Amino acid sequence: MSGVRDTTVVPLHRAPDAGRTPVGLSFFGGADDPLISADVGARWSGSTSGPYRHDVLGGGHFYTPEIRRALPSRIVPTHSAASGSAS
């Protein structure tokens, strides 16, 4: 699925010097994920001035087939005139 990445890149992420990007960003985390800390979603919100969505999904680091099938409905638009916000 295009646009979906594993969150293990989070420790390597650095915001560009020019500021936040104006594209939409969706962050998905597992409620019982032992690899990703609870504050990672909030830290990613600072990377965009566009729409932002942070969803905590059931399970751990990997999604069940049912959750994976539902992910497209949770992805925010790639651009919008609205400012970023968590939901």
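Accessible areas here come from the Shrake-Rupley method with a 1.4 Å probe, and for residues only the protein chains shown count as cover. On that basis the protein exposes about 5,700 Å², of which carbon and sulfur atoms supply 58%.

This is a predicted model: local features need pLDDT of at least 70, side-chain atom pairs count only at pLDDT 80 or more, and totals for chains, interfaces and linings use all residues. Residues are numbered from 1 along each chain as its sequence is written, and side-chain values use heavy atoms, with hydrogens and water left out.

The protein has 2 helices and 2 strands, in the order β-α-β-α from the N terminus. Helices (H or I, at least four residues) and strands (E, at least two) are DSSP runs, numbered from the N terminus. Of the 87 residues, 26% count as buried; buried means under 20% relative accessible area, exposed over 50%, and partly exposed in between (1.4 Å probe, protein chains only).

Side chains of opposite charge can pair when their charged atoms come close. A salt bridge is a side-chain nitrogen of Lys or Arg within 4 Å of a carboxyl oxygen of Asp or Glu. By this rule the count comes to 4 salt bridges, including those below.

| Salt bridge | Closest N and O atoms |
|---|---|
| Arg-43 with Asp-39 | 3.2 Å |
| Arg-53 with Asp-55 | 2.8 Å |
| Arg-69 with Glu-66 | 3.9 Å |

Arg-53 is partly exposed at 24% relative accessible area, whereas Asp-55 is buried at 8%. Arg-69 and Glu-66 both lie in helix α2 (residues 65-70), 3 residues apart, about one turn of the helix. Salt bridges that share partners join Arg-53, Asp-55 and Arg-74 into one network.
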